[in-house]
Amino acid sequence: MTKSAVDRYNMVAIILHWAMAFAIIGLWGVGHVIDLIPKGPGRTEVVMLHKAVGVIVLVLAVARLVWRLTRPRPSLPVTMPPFEQWLAHAGHAALYVLMLLIPIDGVLMSQSGGRPVSVFGLVLPVFVAKNEALRDIFKAGHEVLGWVLAVVLAGHVIAALRHHFVLKDDILRRMLPSRR
Ligand code: HEM
Ligand code: HEM
């Protein structure tokens with residue numbers, strides 16, 4: 001592996017990062033819109049789409065974590081203060097945990113509410129039986145974890161923009177497709 005090969009994220013990591021960022025931000029927005037839609041076929045369609053895309057995000061998050069743990073990745077600039085390096089790593093770790101926990105919680109919320117989860121026709125095995133008390137816990141968890149995600153993501157985006165526009169380093173560019 002040449003040095004330049006790990007100076008930036010590779011194409012798989014870049015495509016996964018941006019496709020999942022787009023999907024997760026969309027899921028977050030649609031999740032909040034669900035409550036505003038009156039009960040009926042329209043709402044059911046939106047909820048089913050939210051669930052299917054959410055399960056796909058879960059599968060991609062597992063694949064991405066495996067990719068992340070088994071591949072070389074670019075290190076942070078040595079000029080970055082140790083506390084900021086720690087914060088960046090903690091933020092990325094938190095994003096991985098949330099990308100896994102939120103959809104897992106979603107599946108358990110639906111199933112404990114007595115509703116099966118299907119991904120465009122493929123029905124998932126049932127992990128929890130119907131239980132209203134559990135459903136309330138998973139529902140609260142889905143909402144709280146969603147807000148934790150919003151806060152961590154805001155910090156993540158602000159950090160990326162600070163690196164690009166204030167510190168003027170390569171951090172954002174190396175997560176973008178190379179023009180070379
Ligand atoms: C829900 C949305 C997002 C999630 C879950 C997410 C998650 C992550 C994770 C886990 C990493 C670490 C990559 C790794 O080493 O495996 C990362 C890197 C990065 N993200 Fe995001 N991200 C999101 C949205 C964004 C947005 C909107 C921006 C831009 C403003 C952004 C900019 C970056 C950059 C520049 C890096 C590379 C950092 C480095 O070089 O060390 N991300 N992201
Ligand atoms: C990364 C993936 C996901 C994100 C970011 C996400 C985010 C959200 C958010 C922010 C809400 C609104 C919370 C509220 O205010 O009550 C929501 C609602 C909901 N989510 Fe997700 N979700 C994801 C995956 C899933 C999955 C995989 C399922 C089920 C298989 C699911 C099922 C639901 C349901 C049923 C609601 C409506 C809850 C209600 O109001 O009764 N979500 N989601």
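Predicted model: local features only at pLDDT ≥ 70, side-chain atom pairs only at ≥ 80, totals over all residues.
View 1. The shell around ligand 1 consists of 15 nonpolar, three polar and three charged residues (nonpolar: Ala, Val, Leu, Ile, Met, Phe, Trp, Tyr, Cys and Pro; charged: Asp, Glu, Lys and Arg; polar: the others, Gly among them). Of these 21 residues, Ala 21, Ile 24, His 92, Ala 160 and Met 175 come nearest (a residue is near a molecule if its C-beta atom, placed from the backbone, lies within 6 Å of it). At least two residues each come from α1 (11-34), α3 (82-112) and α4 (132-166), helices being DSSP runs of H or I with at least four residues, numbered from the N terminus. The largest share, five residues, belongs to α4. Local features need pLDDT of at least 70 and side-chain atom pairs pLDDT 80 or more, whereas totals for chains, interfaces and linings use all residues. Residues are numbered from 1 along each chain as its sequence is written, and chains are lettered from A and ligands numbered from 1 in the order in which they are written.

**View 2. Surroundings of ligand 2.** Among the 25 residues that surround ligand 2, the closest are Gly 31, Lys 51, Gly 54, Gly 106 and Gly 146. By class, 13 are nonpolar, eight polar and four charged. Helix α3 provides the largest share of this shell, seven residues.

**View 3. Helix α3 and its end.** The buried residues of α3 include Met 99, Asp 105, Gly 106 and Ser 112 (buried: 20 or more other C-beta atoms within 10 Å of a residue's own, all placed from the backbone). Following α3 is Gly 114, with a positive phi near 85°.

Notes: Buried ≥ 20, exposed ≤ 12 C-beta atoms within 10 Å, placed from the backbone.
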